[in-house]
Amino acid sequence: MARACSTPSTWARSEPMDDSFQVAASWYDGHSAVRHEGHARWDGGGQLLLDAPTSQLAVPLDDLRFGETRGEHVFYRRESETDFRLTLPADMPPGLARHLPEKSEYGAWIDRLGLGKAAVIFAAASAVAVALFMTAPEWLGPRVPESWERNLGQAMIGDFGGRLCSTPEGDAALAKLLDEVDPATTQVNAGVANIDMVNAVALPGGQVLLFDGLIQQAESPEELAGVLAHEVGHVRERHVMTALLRQFGMSVLLAGANSGVGDTVFGVASMGYSRDAEREADDYARARLAESDVSPLGAAGFFERMAEEYGDDGESNAMTGWLASHPAAGERARAYRNAAKEGADYPPVLSEREFVALQSMCEDDPDVEEFDFF
Amino acid sequence: MHGKYDGEGGESAFVFEGTWREFAPIAFTNLLLTIVTLGTYRFWATTRERQYLWSRSRFVDEHLEWAGTGKELFFGFMIVLVLFGLPYFIISFGAQALIARGYEEIGAALGVLAFVAIFYLMGVARFRALRYRLSRTRWRGIRGGSDDPGFVFGLSYMWKTIVGWLPLGLLIPWSMTSLWNERWNKMSFGPYRFEASAEAGGVFARFLLFYLAPFILFIGGLFMAAMGMLAGYGIGGEDGMALGGAFGIIGLILFFYLGLGLIAVAFYAKFYREVVGATRWKDLDFSFEASTLEWVKLLVGDALLVVFTLGIGLIFLSYRHWKFFITHLEASGEILLDELTQSTTRTARHGEGLLDAFDMGAI
């Protein structure tokens, strides 16, 4: 059993008291553990006089802070002496209570407003904040200057460190394809990634990658032109920045769960875009193809094959995120087919030689590295 | 025994006087305010909760007082966010950028660096959280604390934890008790230091249960699965046997997790009895007398409370745990109040941000 003992002291004296300004009190001075028991009296000015046989103190009323209540007692602290602790009865004469600091329950702001009102105000402010946060990617994304996005993309992924396939003929063929679908003066950076998947991605900083698997299965260069145009569309319509912001927002929300930035970069690619964004990118692609007199039938053929392979809803294969988040392949195939001009004779976008050069690019590049972080 | 607390079977030095009915309004308003402020209020919520729990905990003849504020907890959290969150973000960003550029080794090294830094900071955080809590706990106007910032403890935490795991985990009891001693020996309350001299020997036997368990559980589990299959066969032939087997396997998994959980509880029950029992403060000896069964009751009670209130019971867990802690904590000895003067340790202005960030308990 623990025991606490202190020097006993006796005290007896009597004096006239004005009961309306005086109560029994006990306090610790914050320097020793000895309890002082006596009474507290308001001096009529700005001070509370504490009087006990073991200690006399004058505490400025504006130095007192409300601490807490427990049962029949109220506790006060001092601003200037953090360890000081004064105990007064909860049932105080009003003359004295008026001069003591007010009780605080939830924290200064909420006490002032009242719990109900504060809860409503906080809830409204939170709803606005959440709405701003949720919609920020949509309205903020397109307003981020393209140069910023380019720098961001550079910082995040750079040049892929030799993992892109490159041969002089293949590069020339890709550049020619890009010229047809990206008329801007500052073109996107297009590259062929050494990955055996039927996929293509638009990454932050105007970086567009066609995967080697996509190129291998292509039956015509027009197919590639269609897919490339679609990805360029994502870059030009600022979908990448929007998706990046959305991904960033998610990682802030899930902070701690998984906030690696690397997941962010490719999360953008794998997460895909909204269906509206996909339609916008498709519209962009068809407009460029029409401008450059490239047949949209290649792209139509590609989507028809995809619809056959993965089902029309495009959701049966979650691995190829590109397809999963895209509008139904069959519907898209029709849209591309309808875009073809009746009876038009489109010139081939690439020569047979150029198409072959593009298809053998990864095989012929002697020092291309494996993409091991997908 | 003499003085005020004389007598056989006298009351414990630590008494908890709270009731859940008093705690409920605090817990529910905290929940409401935390939700409408999207979690920002939780620092103030924590403070209100502790103020209540501390003020209803009596040590000998006076109640404890929690003197921490929500504001300092909030600032502690912000400081951690800026000092550690930001560099961590930049390092992991840099690591990923380097890997993307083909510098896998440097990128991986940066990643490892970030991991080591977190490991170190976890040790520092454990130390500082205890320091913060002692420095905000007052009894008769006296508080505790430590003048050690905990940076050395962070290093000890790293190497002792690693050494503990190395020989098939056999030194874990040693690393746990030794870290407990190191931490508490740096803490003080009022003018006196705590002294802790817990020994691994006292908990080692319990720890060995972890090694024995897999064998017992495996054999027991096989037996159960076989019984399940037989029972299933008896009821419905081949199909019944498959079904019975499936139930048996589910039983095996449950058995395994529950069994392992039970061993962990048994170990921790023993561990806390040992380490608290080996902790002293001046002429006071502490003890913590919660048996394994009492721990199991606490945890099963927690689970039932949460499940049957559809999760709302979560807000009462801190109350239950604190009550459990205070109820089973005991102290014997003598305190001379005249000699008990104020702690001279510095008090940090911010709260337990680091620990909060890692979401760990202080004790």
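The structure is a predicted model, in which local features need pLDDT of at least 70, side-chain atom pairs count only at pLDDT 80 or more, and totals for chains, interfaces and linings use all residues. Residues are numbered from 1 along each chain as its sequence is written, while chains are lettered from A and ligands numbered from 1 in the order in which they are written.

The secondary structure of chain A comprises 15 helices and twelve strands. Helices (H or I, at least four residues) and strands (E, at least two) are DSSP runs, numbered from the N terminus. Of the 374 residues of chain A, 38% are buried. A residue counts as buried if 20 or more other C-beta atoms lie within 10 Å of its own, as exposed if 12 or fewer do, and as partly exposed in between; C-beta atoms are placed from the backbone. Contacts were also examined by sequence separation. Among those between residues at least 6 apart in sequence, 62% join residues at least 24 apart. Here, two residues are in contact if their C-beta atoms, placed from the backbone, lie within 7 Å.

Seven strands of chain A form an open sheet in the order 5-4-3-2-8-7-6, with antiparallel pairing. Its edge strands are strand 5 (55-60) and strand 6, each pairing on one side only. On average, neighbouring strands of this sheet are turned by 30° against each other, direction ignored. Axes are lines fitted to C-alpha atoms, for helices over the stretch in contact, and angles run from 0 to 180 degrees between N-to-C directions. Two strands pair if DSSP finds at least two bridges between them.

Within this sheet, strand 2 of chain A and strand 3 (residues 36-42) run antiparallel and are joined by six bridges. Ala25(A) stands opposite Gly38(A) of strand 3. Strand 2 (residues 22-28) also pairs with strand 8, antiparallel, over three bridges. There, Trp27(A) has Leu86(A) of strand 8 as its bridge partner. Leu86(A) is also the bridge partner of Tyr76(A). Strand 8 (residues 85-89) is mostly covered, with four of its five residues buried.

Strand 7 and strand 8 of chain A pair in the antiparallel sense over four bridges. A hairpin of six residues joins the two. Strand 6 (residues 64-70) pairs with strand 7 (residues 73-78) over six bridges, again antiparallel. Leu64(A) has Arg78(A) as its bridge partner. Two residues lie between the strands of this hairpin, where Gly71(A) takes a positive phi near 55°.

A second open sheet has four strands of chain A in the order 9-10-12-11, with mixed pairing. Strand 9 (164-165) and strand 11 (200-203) are its edge strands, each pairing on one side only. Strand 11 and strand 12 (residues 207-211) run antiparallel, joined by four bridges. In this pair, Ala200(A) is bridged to Leu210(A). Helix 7 (residues 221-236) lies across strand 10 (189-193), strand 11 and strand 12, at about 150° to strand 12.

Helix 10 (residues 275-291) of chain A has 17 residues, which should span 24 Å at 1.5 Å a residue; its end C-alpha atoms are 24 Å apart, in agreement. The expected span is 1.5 Å times one less than the number of residues. Buried residues of helix 10 include Ala277(A), Ala281(A), Tyr284(A), Ala285(A) and Leu289(A). Asp293(A) follows helix 10 and has a positive phi, near 60°.
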